[in-house]
Amino acid sequence: MTVLRPFHLMSRTRDLLPLLLNLPAVILLLAFIAYPIGISFWMSLHRYNLRRPDQVYFHGLENYATILASSEFWNALWISLYFTFMAVLLVIVIAMAIALLLHESFRGRGVVRALLLIPWAIPGVVNGLMWVGLLGDYGAFNAMLEDSVAAVNYLFGINIVYTGMASPFVALNAAIGAHVWRSVPFACIIFLAAIQAIPTEQYRAARVDGATSWNRFRFITLPWLYHAVLVVAIFETMNGFRAFDLIYALTGGGPGDATHVIAWQTYKEAFARLDFGGANAYSYLITLITMTLAIIYIRLLYRRGLVQG
Amino acid sequence: MWRRASLYIYALAAVIYLTLPFAWVAAVSFMPEREVTQQRWWPEEPTIGNYSLYFDVEGQSADVGAAIARQFPRAIINSLIIGSAVMLLNLTCGSLAAYALARLPFRGNLLLLLFYLGSRSVPGVAIMIPMYLLMRSYGLLDTHLSVILSHTTFTLPFTIWILKGYFQTVPLDLERAARVDGCTPLGALVRVFLPVTTPGLVAVGIFAFIASWGEFLFALLFTTTIASRPVTVLASDFAQELQVPFTVIAAGGVLVILLPLVLSFLFQRLIIQGIGGSVTG
């Protein structure tokens with residue numbers, strides 16, 4: 001340990017102001033995010049059911065063992081994985097298609113760009129209610145789906161019975177469709193910003209060399225968009241695992257357990273069964289999954305030197 | 001020529017995809033109930049009857065769903081109070097933190113940045129039970145404050161992240177000049193820096209407001225009566241009541257969406273820049 005030198009002292013006081021400026025934000029986040037996560041872990045190690053408040057006791061990893069052995073958890077995890085995977089894929093494809101369109105210059109582009117914000121501005125619950133109507137008995141999309149199923153049946157001589165939202169398959173994929181619809185604008189704007197950052201000389205050079213438009217997309221646009229696609233993929237993965245409000249309004253987890261995504265399952269565990277211990281173990285598993293994703297995200301960005309401190 | 005034409009077909013497809021679901025719901029909100037069952041796309045005899053349920057505060061209407069609809073004005077006011085407070089808290093706490101991160105080199109800034117990034121990735125369900133118990137033990141259940149605090153914490157990391165990127169684009173010379181003229185660092189922030197960065201601040205403010213307006217999980221858990229229930233939670237009651245005609249629900253949906261929609265149109269450019277800058281910045 002060396003003797004404290006004067007300039008060392010000085011830099012200490014210089015550090016004080018920035019820390020002070022961060023203090024309000026840090027206090028809020030410590031109090032309402034970090035602390036609850038700690039408590040959540042501690043509670044997940046207890047038997048704690050609100051129906052029996054007198055029987056709260058520590059029992060280690062019992063809750064986790066119960067969950068990992070239950071078919072409900074694996075069912076919910078599987079549904080969430082399917083939901084998230086499909087959502088990420090569709091959001092990237094659709095958002096990319098619209099971003100590429102908005103990069104072209106044509107009359108009315110400003111209008112399309114303004115309309116892009118409609119799905120984004122709609123709250124998740126209201127989005128769910130909207131799609132209840134759209135896919136309900138008299139809904140606009142229900143009629144379209146019915147007609148297209150009838151057309152497929154006619155063309156291929158098969159007999160698929162369309163039962164609308166009563167079918168687990170339709171309900172789950174409709175939820176994905178509604179979730180994707182609302183998520184597209186955000187991803188699209190990120191892609192658009194990234195596309196606009198690509199130097200135009202590269203395209204000109206490629207055109208001179210006689211590259212086709214597909215090759216221009218494949219060898220210039222896509223590599224430049226690597227970072228943006230990564231950000232959207234991780235962001236939408238987290239979003240997919242959190243899907244709750246849409247499910248609450250659109251399917252209520254049904255039919256049966258077809259749309260029991262993991263967030264919904266956790267909510268049920270806590271506020272329907274009042275099993276706070278078990279539900280906290282559930283939440284902790286979700287936290288672990290999303291935290292792992294966040295770490296992968298940060299590491300990937302750092303490796304490419306795209307985040308500066 | 002063909003290229004032009006295919007571009008416009010492409011654009012038309014995009015417009016249909018983005019607007020059709022909402023356009024249909026908006027059209028239904030002006031239809032009498034029987035027209036929905038005829039699967040119309042456009043109201044033949046447009047009516048505002050569905051909306052009048054929502055402004056009939058004293059009304060005794062026994063229609064299904066009227067009891068929910070009657071509470072809408074109160075709930076919208078709750079949402080406004082919560083959203084505005086969340087916006088203000090985000091702007092004050094967020095701009096202070098982002099300024100330090102963007103401008104003042106200090107030890108531990110990387111750690112803080114990672115802390116913010118990390119808190120942004122915590123899902124709401126993961127902390128809902130401790131948050132619920134926390135609010136209960138402080139007697140904050142069914143108050144605006146409980147919702148405001150939870151909404152502020154989950155919007156704040158994003159605010160700081162975007163503002164930091166935005167602040168770094170402002171030339172350093174501006175504050176240097178202010179400092180030379182005798183401003184303290186805080187004085188330079190308030191008098192020189194904040195006015196220049198108003199567009200960025202407006203963008204994150206609108207973001208925070210719209211995010212708060214649309215948040216559901218915490219609002220659902222913390223609020224029980226109309227004294228504090230925001231409009232998204234009230235609207236979710238329609239999902240529990242099976243017999244409410246969809247025309248009425250559609251009108252309610254339009255009412256909930258109206259404000260965020262208007263805000264996003266008004267501040268379109270700033271919002272698009274803000275989201276885009278969150279990655280490239």
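This is a predicted model: local features need pLDDT of at least 70, side-chain atom pairs count only at pLDDT 80 or more; totals for chains, interfaces and linings use all residues.
User: Rings of Phe, Tyr and Trp (its six-membered ring) pair if their centres lie within 6.5 Å; planes under 30 degrees apart count as stacked, over 60 as edge-to-face and the rest as tilted. How many aromatic pairs does that give over all chains?

Analyst: The rule gives 33 aromatic pairs over all chains. In one of them, the ring centres of A:Tyr267 and A:Phe271 lie 5.7 Å apart, and the planes stand at 40 degrees, so this pair is tilted.

User: Where do A:Tyr267 and A:Phe271 sit?

Analyst: Both belong to helix α12 (residues 262-271) of chain A. A:Tyr267 and A:Phe271 are separated by about one helical turn because they are four residues apart in that helix. Helices (H or I, at least four residues) and strands (E, at least two) are DSSP runs, numbered from the N terminus.

User: OK, chains next. How many residues does each chain bring to the contact?

Analyst: Chain A brings 98 residues and chain B brings 97. Contact means heavy atoms within 4.5 Å.

User: And how much area do chain A and chain B bury?

Analyst: About 8,500 Å² between them, with 79% of it on carbon and sulfur atoms. On the chain A side, A:Leu21, A:Phe32 and A:Tyr138 lose the most area to chain B, together 8% of what that side buries. Buried area is the accessible area (1.4 Å probe) that two parts lose on being put together, summed over both.

User: How many salt bridges are there between chain A and chain B?

Analyst: One. A:Glu104 pairs with B:Arg3, and their closest N and O atoms are 2.9 Å apart. A salt bridge is a side-chain nitrogen of Lys or Arg within 4 Å of a carboxyl oxygen of Asp or Glu.

User: How many residue pairs are in polar contact across that interface?

Analyst: Eight, with both residues at pLDDT 80 or more. A polar contact is a pair of N or O atoms within 3.5 Å; within protein, one must be able to donate a hydrogen and the other to accept it, and residues adjacent in sequence count only if both atoms are side-chain atoms.

User: Which helix of chain A gives the largest share of the side that touches chain B?

Analyst: Helix α1 (residues 6-44) of chain A, with 25 residues. That side of chain A divides into 72 nonpolar, 17 polar and nine charged residues. Ala, Val, Leu, Ile, Met, Phe, Trp, Tyr, Cys and Pro count as nonpolar, Asp, Glu, Lys and Arg as charged, and the others, Gly among them, as polar.

User: New topic. Which domains does chain A have?

Analyst: Chain A has domain 1 (38-69 + 275-309) and domain 2 (77-274). The bounds come from an automatic or database domain assignment. Over C-alpha atoms, 28 Å separate the centres of domain 1 and domain 2 of chain A.

User: How do those two touch?

Analyst: In chain A, 20 residues of domain 1 are in contact with 19 residues of domain 2. These domains of chain A bury about 1,800 Å² between them, 77% of it on carbon and sulfur atoms. The salt bridge count between them is zero.

User: And how is chain B divided?

Analyst: Chain B splits into domain 1 (2-68) and domain 2 (71-280). Their C-alpha centres lie 30 Å apart. Domain 1 and domain 2 of chain B bury about 1,700 Å² between them, 80% of it on carbon and sulfur atoms. B:Tyr54, B:Val64 and B:Ile68 supply 43% of the area that domain 1 of chain B buries against domain 2 of chain B, more than any other three residues.

Note on methods: Residues are numbered from 1 along each chain as its sequence is written. Chains are lettered from A and ligands numbered from 1 in the order in which they are written. Side-chain values use heavy atoms; hydrogens and water are left out.
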